[in-house]
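Thanks for coming, everyone. Let me put the structure up on the screen, and then I'll walk you through a few spots in it.

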Amino acid sequence: MMISSDNDDIFWMRRALALAQTVMYTTAPNPRVGCVIVRDGRVLGEGATQPPGGPHAEVCALRDAQARGESVAGATLYVTLEPCSHFGRTPPCVDAVLAAGPARVVVAIGDPNPLVNGQGLARLRDAGIAVSTGVCREEALAINAGFISRMSRGLPWVWMKMAASLDGRSALHNGISQWITGPEARADGHRWRARACVVLTGMGTVLKDDPQLNVRGVDTPRQPRKAVVDGRFEIPEDARLFDGAEVILFTAREDAAKTARLQAKNARVVQLPGDAPGRVDLPAMMRWLAQEQFNEVHVEAGAGLSGALVAAGCVDELLLYLAPVLLGDAAGMVRLPMLEHLDGARRYEFIDTAPVGADLRLRARVADTWRQLTQRVALPELS
């Protein structure tokens, strides 16, 4: 058996990650997984996880190899997530891998699902298959942060999208905000919407902008769900977001008659009263979304809800588009309590900067949360 070099492992795992990227919009609530089977530098088969109920990446790759007339016995199988070892909508992938008889399996990250969580790799090892782990771990986690977060924390991965001027202003004091950034930045934002399981906003945005909350200009086979935080249950029943797609309304107020009318518009009303009148319990809302198998939440809201989500510890990542303009005395992005000391500031770690048209996209995340997820997907080296 020929053992690949570290550089070879990285090369082929990145090919598997590229395959996982191709199913970014289709696998939820399942993870996005890619698999490549290689012998002597030649691809025998490859595939990516199909929509729920369809085959997982390993089975797709094995079927591809079979269709090419290739035996994978003695080959190396690269997969971006630990093969499942339990019956769900499909049989355990590890059974198919064992039957195919590769000599080596290389895995990027472990699956913290309690039904898997190292058991798949243990079965491979017990069968005499060499197992290597942790190749391109950070890249693999980034593709599936939502699934890993839901399985390990009982919470979705939440990013908050904002557009602002160089001096951090998101709207004029008269409410005008369309458009601070250019068309390329807005199109990029829709790609992030398409990736998410749900797009979340607040009542202020609904009343001011009457948004559709859908994905436009992106070739996606499915739209994310729509959700609104509406503590006082004031949403207009003719709002544009009621277009037939399901809308989740989080409220703190009971109104049976209005609930019935909105249910006829395919709305789902969820009462989660917080500790103040007319306020939704935001952490409970995130737990509810995870229980409903939402992996990733895309927030586009005004300064009030954005600040409340940050203050409640509900935001894992910031997705910020900065326009090369100064607006001066105008509305800010996030409304938070005034600080007396800098050590009370909420801190993030920059992870990416990229020009998008005339604007700049910045991404930052809560470093401690990311480290916790990284620890949850780490697996011992078995080879």
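Start at N266, which sits in the loop between helix 9 (256-263) and strand 11 (267-271). When I say helix or strand, I mean DSSP runs, H or I of at least four residues for helices and E of at least two for strands, numbered from the N terminus. N266 is partly exposed, at a relative accessible area of 33%. For that scale, buried is under 20% relative accessible area, exposed is over 50%, and partly exposed is in between, with a 1.4 Å probe and protein chains only.

Before I go on, a word on what you're looking at: this is a predicted model, where local features need pLDDT of at least 70, side-chain atom pairs count only at pLDDT 80 or more, and totals for chains, interfaces and linings use all residues. Residues are numbered from 1 along each chain as its sequence is written, and side-chain values use heavy atoms, with hydrogens and water left out.

Okay, D210. Here too phi is positive, near 45°, in a residue other than glycine. D210 belongs to the loop between helix 8 (203-209) and strand 9, and at 27% relative accessibility it counts as partly exposed.

One more backbone detail: A28 and P29 are joined by a cis peptide bond, with omega about 10°. You'll find P29 in the loop between helix 1 (6-21) and strand 1 (34-39).

Now to the annotated positions. Where does UniProt place the feature "active site"? The record, an unreviewed entry, puts it at E58. Keep in mind that UniProt positions are given in the numbering used here, feature names are shortened, and annotations may be inferred rather than shown by experiment. E58 is in helix 2 (residues 57-67), and at 4% relative accessibility it is buried. Leaving aside neighbours within four places in sequence, E58 is in contact with C35, V79, L81, E82, P83, C84, C93 and V97. Contact here means heavy atoms within 4.5 Å.

In general, a disulfide is a covalent bond between the sulfur atoms of two cysteines. The cut-off used for one is a pair of cysteine sulfur atoms within 2.5 Å. For C35, the closest cysteine sulfur is in C93, 8.9 Å away, so that is too far for a bond. C60 has its closest cysteine sulfur in C93 as well, at 8.7 Å, again too far for a bond. C35 is buried at 0% relative accessibility, and C60 is buried at 14%.

The other annotation is "binding site", also from an unreviewed entry, where UniProt lists S177, R193, L213, R216 and E300. Let's look at R193. It's in helix 7 (residues 183-195) and buried, with a relative accessible area of 7%. Not counting residues up to four places away in sequence, R193 touches V199, L213, N214, V215, R216, P224, H298 and E300.

Last topic: helices packing on helices. Two packed helices are described by the angle between their axes and the distance between the axes. The axes are lines fitted to C-alpha atoms, for helices over the stretch in contact, and angles run from 0 to 180 degrees between N-to-C directions.

Take helix 10 (282-291) and helix 11 (303-311). Their axes come within 9 Å and cross at roughly 80°. That makes helix 10 roughly perpendicular to helix 11; under 35 degrees counts as roughly parallel, over 145 as roughly antiparallel, 65 to 115 as roughly perpendicular, and the rest as oblique. L282, M285 and M286 of helix 10 meet L305, A308 and L309 of helix 11. By class, that contact has 6 nonpolar, no polar and no charged residues. For those classes, Ala, Val, Leu, Ile, Met, Phe, Trp, Tyr, Cys and Pro are nonpolar, Asp, Glu, Lys and Arg are charged, and the others, Gly among them, are polar.

Staying with helix 11, its buried residues are A303, L305, S306, G307, L309 and V310. What covers them includes strand 6 (157-165), strand 8 (198-202) and helix 10. After helix 11 comes G313, with a positive phi near 75°.
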